[in-house]
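Try each task before you read its solution.

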Amino acid sequence: MKPLGIYIHIPFCLSKCSYCGFYSRGGAAAAEQESYIQSLINDIKMYSSLYGSRYLVDTIFIGGGTPSILDPGLIGQVLDALRAHFDITEDAEITIESNPKTLTEEKLRAYRRLEINRLSIGLQSFDENCLRRLGRIHTAQDFADNFQMARTCGFDNINVDLMFAIPGHTMEIWEDTLGRAIDLAPEHISFYSLQIEEGTPFYDMFMAGEFDQIPDDVDREMYHIAIRRFKEAGYEHYEISNCAKPGRQCRHNLKYWSMEDYLGIGSGASSYVDGIRFTQPPLSFFHENGLADDTAEFVFTGLRKTSGINLDAFKERYGKAFWNIFADRRSALSQYFESGQLVEEDGILRLTEEGFDISNAIMAVFV
Ligand SMILES: C[S@@+](CC[C@H](N)C(=O)[O-])C[C@H]1O[C@@H](n2cnc3c(N)ncnc32)[C@H](O)[C@@H]1O
Ligand code: SF4
């Protein structure tokens, strides 16, 4: 049996943050949430008939949106259905995403009883002004209380999401957030540069000239300072936007970046199973990738990781040498090799920390 990660999408939030382009909406009624969970359970049964006998599930990620706004009984129904219809390993990594203010001791204890062993909390910033500007519904204190509560309830694998280059952000505010996050010693930290997404209130405000974007050089400085501080505190930088204590990398997200099989269940969720990429709703959106789609995807996902692309693994997967397929890209890449932003050594092709600054430009060469 092959290993499989399962992603469950919960498209509900208490209210929508001003910057967020994720597929979710605020303020759904309890009846709507219950009926969504019922449809998830139907999909779980349908997918198990396709994949259940050939795959062994070793990671589950309940994400969103904000899964923690649901009654934990509904999360229990989803996990029960997964356990009834798929084989799941004893040591499966089971993550739930959460938002401070939606967590209670009762919920956290219920998650532990459901054998959820990894908690991801969206903090974004310790600065109250930044939180308000982002349209977050919680304070820094709400987060700190939830974090300690999670530890008390037995969570020993916690991720914290942070954002930088927030309008009005200064290096001092960012460094303060970094220091306070590090002091709490979560096992994993994600740190994202704020993206102005079309269709969000932030986008409209930006277009109306109501705020300026943080300049690129400051954004990059914030990024590098974060990596330096995390490394000094014993974290490993393993993906563009992710650091973890040794052995605490997110096993589920690593599947995305290593092009391993994962099944996304729920509205808008994406899957990559048996070499086929598809997005919910099922069946109507199936499409088979050509070799070019797939090799390019291998490059995009591989270069996101600090460990880069293993050229032997590429050859084994596609039956052709990497530089055979991408021979015509060599000249476009030469400037990045020369500047040390892209390196090839010991059969590994990878971006350096300076390369991550311009990762979009380098990856564009492989489109
Ligand atoms: C799907 S959200 C889930 C977490 C939870 N709903 C919350 O917000 O606390 C995952 C993370 O994506 C990041 N994120 C969302 N929108 C973003 C944007 N426009 N730019 C950068 N990061 C973003 C935030 O750090 C957020 O915590
Ligand atoms: S950032 Fe999280 S809480 Fe805010 S709208 Fe997006 S998914 Fe919902």
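## Exercise 1: the surroundings of ligand 1

In this predicted model, an oxygen atom of ligand 1 lies 2.7 Å from an N or O atom in the side chain of Arg136.

**Task.** Which polar backbone atoms lie 3.0 Å and 3.5 Å from atoms of ligand 1, and how much of the ligand's accessible area does the protein cover?

**Solution.** 

1. Start with the nitrogen: a nitrogen atom of ligand 1 sits 3.0 Å from a polar backbone atom of Gly65.
2. Now look for an oxygen: one oxygen atom of ligand 1 is 3.5 Å from a polar backbone atom of Ser98. That pair still counts as a polar contact, because the cut-off is within 3.5 Å.
3. Turn to the cover: on its own, ligand 1 has 560 Å² of accessible area, and the protein covers 93% of that.
4. See which elements take part: strands S5 (87-98), S6 (118-124), S7 (158-164) and S8 (188-193) each give two or more residues to the shell.
5. Finish with the residues: there are 18 around ligand 1, and Gly64, Gln124, Arg136, Asp161 and Gln195 come nearest. By class, the shell holds five nonpolar, nine polar and four charged residues.

## Exercise 2: a hairpin

**Task.** Do strands S16 and S17 run parallel or antiparallel, and which residue in the turn has a positive phi?

**Solution.** 

1. Follow S16 (residues 342-345) and S17 (residues 348-351): these strands run antiparallel and are joined by four bridges.
2. Pick out a facing pair: Val343 stands opposite Arg350 in S17.
3. Go to the turn: two residues lie between the strands of this hairpin, and Asp346 there has a positive phi of about 50°.

Technical notes. Residues are numbered from 1 along each chain as its sequence is written. Chains are lettered from A and ligands numbered from 1 in the order in which they are written. This is a predicted model: local features need pLDDT of at least 70, side-chain atom pairs count only at pLDDT 80 or more; totals for chains, interfaces and linings use all residues. Side-chain values use heavy atoms; hydrogens and water are left out. A residue is near a molecule or strand if one of its heavy atoms lies within 4 Å of it. A polar contact is a pair of N or O atoms within 3.5 Å; within protein, one must be able to donate a hydrogen and the other to accept it, and residues adjacent in sequence count only if both atoms are side-chain atoms. Accessible areas come from the Shrake-Rupley method with a 1.4 Å probe; for residues, only the protein chains shown count as cover. Ala, Val, Leu, Ile, Met, Phe, Trp, Tyr, Cys and Pro count as nonpolar, Asp, Glu, Lys and Arg as charged, and the others, Gly among them, as polar. Two strands pair if DSSP finds at least two bridges between them.
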